[in-house]
Amino acid sequence: MGRTLAEKVWEQHVVRRAEGEPDLLYIDLHLIHEVTSPQAFDGLRMAGRPIRRPDLTIATEDHNVPTVRGPINDLVSRTQVETLRKNCAEFGVRLHPMGDAGQGVVHIIGPQFGLTQPGMTIVCGDSHTSTHGAFGGIAFGIGTSEVEHVLATQTLPAYRPKTMAIEVSGELPAGVTAKDLILAIIAKIGTGGGQGYIVEYRGEAVRKLSMEGRMTVCNMSIEAGARAGMIAPDETTFEYLKGRPHAPTGDAWDAAVEYWKSLATDEDAVFDTVVEIDASTLTPFVTWGTNPGQGAPLGSAVPAPEETDDPSAAARALEYMGLTAGTPLREVKVDTVFVGSCTNGRLEDLRAAAEVLRGRQVVTRTLIVPGSMLVKLQAEQEGLDEVFKAAGAEWREAGCSMCLGMNPDTLAPGERSASTSNRNFEGRQGKGGRTHLVSPQVAAATAVTGKLTAPADLA
Amino acid sequence: MEAFTVHTGRAVPLRRSNVDTDQIIPAVWLKQVSRTGFEKGLFSAWREDPDFVLNNPVYEGASILVAGPDFGTGSSREHAVWALQQYGFRVVVAARFADIFRNNSTKMGLLPVVLPAATVEALQAAVEADPTLEVTVDLAERQVRWAGETAAFEIDDYTRWRLMEGLDDIGLTLRNADAIATYENGRQPWLPTTV
């Protein structure tokens, strides 16, 4: 019987297999940041253990960093960032600190440097590590104990998850994005639908996505409960990778491409579960509740709790969100728009937002936060920053920013956002804040009208 | 980590589904660089509501959290596990757990117990009827017992053994240092390094 992409990549990385034990899996790349690593470094120090492979480890500062120029004013945040700097210096880990041209959100910089390649195993103490699966590797988030384990051994003990295929047939209609697709998938299978699985996104609509769109889709796998999501590498992948600083060159490139092509799921392989979605039926999608599965087409209305799968959770969510069942989603007023994050903070996302904002004015507080300093530079070279500023939006420095509000970019209690990030949990963007997850296009159009809006709605 | 064999204590029902780790420990608490002091952050936004179940004095001192399905979704923050443990919980019972949270729990010795949704609800109802009810979670026998009821739960042999022995995962893996070195010698030559 044939094997799936996930099975091939997994098998390639098994260091040791023993009956009744989890596989010991080799990790090709370990990304670290300031929030989930300090206790892991402390653990190494207490046990007197070195980092086994600092050359397979890379660090950046992203979660706490302010997105306006200047130092970190919050003492606790600053201490955390300084702790990362000390740890990286002591243990010999390459760090891209604030101000460095390579700094950015951890899941933006891996692909940008060409460190994220097909067939690799990649981990990070961050659940959105699933982003990197867009290149056809197995990438998943881990906790701090596992961060310490990978630092010490470059391996992880793990049971191979089951395999799920999400087959997306047809083509996404004009104006419908990768973000709308993944929000619709999560609404369909639920926040627990992917538990215990590695998801492989397949089908015509997925093949036609750019690498950036594929990263958006894989990024939110965890919101459907799947630790990892992946897409088989193809010409789009190779085209994106070629020439990046850490991509192979010359004969090594040819050998790598040949191997990468062999990773695609075999025709006779069998998935444990298959989910089918018709892309051609999709429209812009937004969330109305307090988990990413509580979403609906923008053209619909706030649902009545009893119409949902989990009425008590929906009732609670509507109360928190200050929404009334039956209200058209296009009537929901928004105070703040956030474009950024590891979900939608790449150049393509900024271009899409700029396209909508060109020649228009925003009526909300609008934060545009590039995912990395390189994305910022590229956007400025294209003049996107001027488009944003002319529209009245704020053009910021790179970081996680309002995705999780660990830096000063937060919502006030009761404030409502349209956000291109990944989580609409209670208080995620600031205590008492209310979040609607949207695509960059919908975010930009919403900034223009002050209500949830698609670009097609704008005159 | 602390070994886990059998634990008997009182329980607290948390009748909410999809309790994400942002609720268990909001991001503002993640700025600490130590492993201690997280009990104050546990459910800190929800605890501002006087009606929140953890504020009910009848549940004070409970060590078993009986939660709704899909507990621990979202962020990979292990701080969620630390906060639960430092507050005094040794066990979380739910019908389903998010993968990363469950993994983090077993690394720290917080036991995630999966029971069928109907059994979880029965246990919640029993605790609500009698908050002094003693609940026993027996990892050796893979059972939860209360008031004459017994519910069996599944956990893989390896994780159970590791929890019962309180073993450090890193120490176990380093016994295979030779296998790791052998594997490393055979890695594909084009794989990137960060230097």
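Which domains does the domain assignment of chain A give? The assignment gives domain 1 (5-261) and domain 2 (286-457), with bounds that come from an automatic or database domain assignment. This is a predicted model, in which local features need pLDDT of at least 70, side-chain atom pairs count only at pLDDT 80 or more, and totals for chains, interfaces and linings use all residues. Residues are numbered from 1 along each chain as its sequence is written, while chains are lettered from A and ligands numbered from 1 in the order in which they are written.

**View 1. The two domains of chain A in contact with each other.** The C-alpha centres of domain 1 and domain 2 of chain A lie 24 Å apart. Between these domains, 36 residues of domain 1 of chain A are in contact with 39 residues of domain 2 of chain A, two residues being in contact if their C-beta atoms, placed from the backbone, lie within 7 Å.

**View 2. The side of domain 1 of chain A that touches domain 2 of chain A.** At least two residues each are supplied to this side by helix 4 (106-113), helix 6 (178-189) and helix 8 (211-219) of chain A, where helices are DSSP runs (H or I, at least four residues) numbered from the N terminus. Helix 6 of chain A gives the largest share, 5 residues.

**View 3. The side of chain B that touches chain A.** Here 46 residues of chain B are in contact with 66 residues of chain A. Two or more residues come from each of helix 1 (21-24), helix 3 (99-108), helix 5 (157-165), helix 6 (169-174) and helix 7 (177-185) of chain B, and the largest share, 6 residues, belongs to helix 3 of chain B.
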